[in-house]
Amino acid sequence: MHRLRILAPLLLAAPWSMALAQPFPSAPVKLVVPFAPAGGTDAVARAVAQSLGKQLGQPVIVENRPGAAGALGSLAVVRAPADGYTLLLGSNGPIAISPSLDPKLPYDPARDLRPVAAVAAVPFMLVANRNLPADDVKGLVELARRKPGAINFASPGTGTTNHLVGELLKTMAKVEMVHIPYKGASPAMNDVASGVVQFMSGDINTLLPMIQGGRLKPLAVTGAARSSLVPDVPTVAESGIAGFEATGWFGLFAPAATPGPVVDRLAAAVAAALKDPEVDERIKALGGAPLALSGDAFGAYAAKERAKWKQVIDAHQIKPD
């Protein structure tokens with residue numbers, strides 16, 4: 001009986017010890033996309049998932065959990081076991097914008113999520129109605145200065161990154177323009193094309209068919225560098241707004257308590273996946289480029305983005321619809 005009392009705790013602990021001894025990962029990894037299929041975040045997830053699975057030696061399964069502007073899927077990862085088997089493909093919306101936009105956000109990305117590695121940065125493109133008497137950002141700004149409040153810009157909704165790009169342009173160019181929110185990108189694009197609204201920002205690969213069809217004209221891309229999809233279109237910074245940069249960025253996050261060695265293993269796998277020519281090609285097809293940051297460097301990048309968009313949101317007193 002005495003020996004059984006000694007062995008009992010050891011027997012109970014054995015399964016946990018065996019689990020800890022197993023190399024990570026020893027089972028499939030779930031990558032949560034907090035938006036519906038077919039969007040930009042989903043496209044990035046599927047671009048990297050297969051190659052990431054090869055690097056890890058286990059399948060990486062993409063799971064879409066849309067709702068509440070990305071909050072539902074993000075919260076699901078926050079509440080998941082901190083073992084590296086449930087990850088979030090975070091983006092600037094749920095990670096950098098929502099914390100300042102939504103006072104009731106049920107998670108704090110800085111506290112509740114651990115940055116693993118960045119994946120990609122995808123700039124937006126400013127496009128205008130074909131009849132607008134301005135062919136670049138410099139001309140648009142001059143027009144807005146001559147006619148304060150007469151220039152309108154569309155977005156898929158209040159508080160979206162596309163909306164905040166317009167507000168950032170107003171702030172940095174020191175001009176007054178009016179935001180017109182729509183319920184989605186398609187009606188916004190159609191009204192810019194028809195001249196109801198003068199300009200907007202949007203995803204390059206979504207806008208490109210309307211540019212090629214002659215319905216919209218490009219003004220600038222919003223990243224620090226030109227996009228390979230539209231190499232002849234200058235950046236906003238090149239067009240006279242020095243220091244302007246706004247991108248849609250994407251990266252992997254884990255629950256905050258995920259162990260360091262697990263995070264390091266995941267980060268190394270992401271870095272290797274981003275060197276895969278197929279992954280590179282699929283990211284470039286979205287108009288973007290791989291973003292090679294991991295750990296603390298990625299965390300600092302996300303923190304800088306939160307600070308930037310908080311300043312814009314506070315300055316213009318933007319509230320969610």
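Predicted model: local features only at pLDDT ≥ 70, side-chain atom pairs only at ≥ 80, totals over all residues.
Guide: Two strands pair if DSSP finds at least two bridges between them; strands are DSSP runs of E (at least two residues), helices runs of H or I (at least four), both numbered from the N terminus. Side-chain values use heavy atoms, leaving out hydrogens and water.

Visitor: What is the mean pLDDT of the protein?

Guide: The mean is 92, and 93% of the residues reach 70 or more. Over residues 1–19, however, the pLDDT is below 50, and beyond near neighbours in sequence this stretch has 0 contacts (heavy atoms within 4.5 Å) in the model.

Visitor: Which residue is the bridge partner of N152 in strand 6?

Guide: That is V178. Strand 5 (residues 152–155) and strand 6 (residues 178–181) run parallel, with 4 bridges between them. Strand 5 also pairs with strand 7 (residues 199–203) in the parallel sense, over 2 bridges, and there F153 stands opposite F199.

Visitor: Which way do the residues of strand 5 point?

Guide: N152 and A154 point one way, F153 and S155 the other, and all are buried (under 20% relative accessible area; exposed is over 50%, partly exposed in between, with a 1.4 Å probe and protein chains only).

Visitor: How many residues of helix 3 are buried?

Guide: Helix 3 (residues 71–78) is mostly covered, with 6 of its 8 residues buried; among them are A71, G73 and L75. Its cover includes strand 1 (29–33), helix 4 (92–101) and strand 9 (247–255). In helix 9 (residues 204–212), the buried residues include I204, L207 and M210. They pack against strand 4, helix 8 (185–194), strand 7 and strand 8 (216–221). After helix 9 comes G214, whose phi is positive, near 80°.

Visitor: How many salt bridges does the count come to?

Guide: The rule asks for a side-chain nitrogen of Lys or Arg within 4 Å of a carboxyl oxygen of Asp or Glu, and the count comes to 11. One of them joins D42 and R46 at 3.0 Å, N to O; both residues lie in helix 2 (residues 40–56), 4 residues apart, about one turn of the helix.

Technical notes
Residues numbered from 1 in each chain as written. pLDDT = per-residue confidence, 0-100.
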